[in-house]
Amino acid sequence: MGGQIVIVGAGLAGLVCARKLRNAGKNVLLMDKADRPGGRMRTDPIDGFRVDRGFQVLFTAYPNADRELVYEDLDLQEFLPGARVLWEGKFHEIRRDDPISMALSSFIPTSDKLRTASLNLELGARSIGHVWQGQDQPALEMLVSRGFSQQFIDRFARPFFGGVFLDRNLEGSANMMQFVWKMLNEGDTVLPALGIEEVPRQVFADLPEDCFQGECEVVSVSGGTTPSVKLSNGDLIEAEAVVVATDSESASKLTGLPLPTEFKSSITVSFAADARPVEEPVIVLNGDFPGRVNHVIAMSAVSPALAPQGRELVSATILGVSDKSDVALAADVRYELAQWFPGKNVRQWSPLRVDRILKAQLVQSPGFFASRPSNETRLEGVFLASECTENGSIDGAALSGVKCAEAVLARSAVASS
Ligand SMILES: Cc1cc2nc3c(=O)[nH]c(=O)nc-3n(C[C@H](O)[C@H](O)[C@H](O)COP(=O)(O)OP(=O)(O)OC[C@H]3O[C@@H](n4cnc5c(N)ncnc54)[C@H](O)[C@@H]3O)c2cc1C
């Protein structure tokens, strides 16, 4: 078998898979309905700003991202390790790197500080494999069963992990929360200086440009001795193997396979400002403030390269969806943030873009890991490279790409032996 391998979807999983197959001497064709590779990790230039499509971060402790990326070349910019929480009209610091001020602060009860330290130690001693193998339950239940107080849950866990998983109810997998908790503790939270799209761009840079075909929608995938994909223009392309590297809902539609199809949605409103609402590269959380914004970041405090000289870029994220128009939503968010940051001239901020991301985070209910799909499907010659075969994260997508390429190469080796 010496034909080409068609990869449908050029997000991180598809790109990592393509690179591994190319390095093994395979001919690959990446097809994506979007105009460029990168999938859900996108950064667009707007009026001299660089705007990420939704707020996302990289954890340097991610083992598979670390293996697949050259961190040194991404010019990674660090966030402060912690958060600033708006609670009863005041900001409160939660800082992992400042145990003395944490010890003195009464915002989080002492018993929760001890429980946090104990969970840190426990997760530090466990491998990632052990974290995934542990008995799973809803994240909220895990916190309650470990004795964390309602204050800790409401003041920190809901806004912080609610922002990570786009769910303040914390109904998702406790093992996923523990994985993220471990990653937060064992490395830095960072963003490439030029935005999140630099991550997939780095992988794509190792591939020949002509192996990518953009604005090319695949409408169905068939398995068999000669697997194939059908394009929206009616063309049929046969291949040695087909890798479906779309989001899992599209993958399920394309293949008819039962794959996870539920996603949490979010809306990010990006603003151009004359001054930062906060000077530091810190995530600012909505503790108990009425209104809809969950977290706000002065993105240009994280990386000045994201805004033109003398201007600042601010990103505010709402969980879920909204029927309001972009103009009305941006006005609501600005009104709300003027109350978060009085004296910061928020009413002068100009909206740059409203990103409504329907498929932002894969819903990962308790037990998802044990029942996640494999990279091999029951369709002959059709493989899956997607966060859904591991976990919904940059790390999960990278690992899935690697494992999928290994599965394709193993089939190819069997066929040619
Ligand atoms: C707002 C947001 C915040 C996030 N925050 C974080 C975070 O802080 N940390 C973290 O680790 N992860 C985060 N993530 C998750 C992370 O971005 C994803 O896990 C990862 O990008 C998934 O990669 P993927 O390759 O599996 O899928 P995708 O990136 O979804 O790639 C799939 C590709 O398939 C293409 N496609 C779909 N259907 C078709 C079709 N029919 N024909 C052709 N092409 C098709 C799409 O255009 C897309 O390019 C976040 C995601 C979002 C959106």
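Predicted model: local features only at pLDDT ≥ 70, side-chain atom pairs only at ≥ 80, totals over all residues.

**Before you click.** Residue numbers start from 1 along each chain as its sequence is written.

**Stop 1: the whole protein chain.** You are looking at 13 helices and 20 strands; helices (H or I, at least four residues) and strands (E, at least two) are DSSP runs, numbered from the N terminus. The C-alpha trace spans about 65 × 50 × 40 Å along its principal axes. For 417 residues, a compact globule would have a radius of gyration near 22 Å, and the chain agrees because its own value is 22 Å. (That radius is taken over C-alpha atoms, and the globule rule is 2.2 Å times the number of residues to the power 0.38.) Of the 417 residues, 47% count as buried, meaning that 20 or more other C-beta atoms, placed from the backbone, lie within 10 Å of the residue's own.

**Stop 2: two domains.** Colour 4-41 + 198-259 + 370-415 as domain 1 and 43-196 + 263-362 as domain 2; such bounds come from an automatic or database domain assignment. Their centres, taken over C-alpha atoms, are 30 Å apart. Now look at where they meet: 18 residues of domain 1 are in contact with 21 residues of domain 2. Contact here means C-beta atoms, placed from the backbone, within 7 Å. On the domain 1 side, the elements giving two or more residues are α9 (198-204), α10 (248-255) and α13 (394-415). Of these, α13 gives the most, with five residues.

**Stop 3: the ligand.** Which residues are closest to the ligand? Select G9, G11, G39, G54 and Q56, the closest of the 35 residues that surround the ligand (C-beta atom, placed from the backbone, within 6 Å of it). The elements that supply two or more are α1 (12-23), α10, β19 (350-362) and α13.

**Stop 4: helix α1.** Stay with α1, and ask how many of its twelve residues are buried. The count is ten, so α1 is largely enclosed by the rest of the structure. Select L12, A13, G14, L15, V16, C17, A18, R19, K20 and L21 to see the buried ones. They pack against β1 (4-8), β2 (27-31), α2 (63-68), α9, β14 (241-244) and α13. After α1, click G25: its phi is positive, near 90 degrees.

**Stop 5: helix α8.** Finally, select residues 174-186. At 1.5 Å a residue, the 13 residues of α8 should span 18 Å, which agrees with the 18 Å between its end C-alpha atoms; the expected span is 1.5 Å times one less than the number of residues. Ten of the 13 are buried, so α8 too is largely enclosed by the rest of the structure. Among the buried residues are M176, M177, F179 and K182. Show the neighbours that the buried residues pack against: β5 (58-59), α4 (110-125), α5 (128-133), α6 (139-145), α7 (150-165) and β9 (189-192).

Note on methods:
Contact = placed C-beta atoms within 7 Å.
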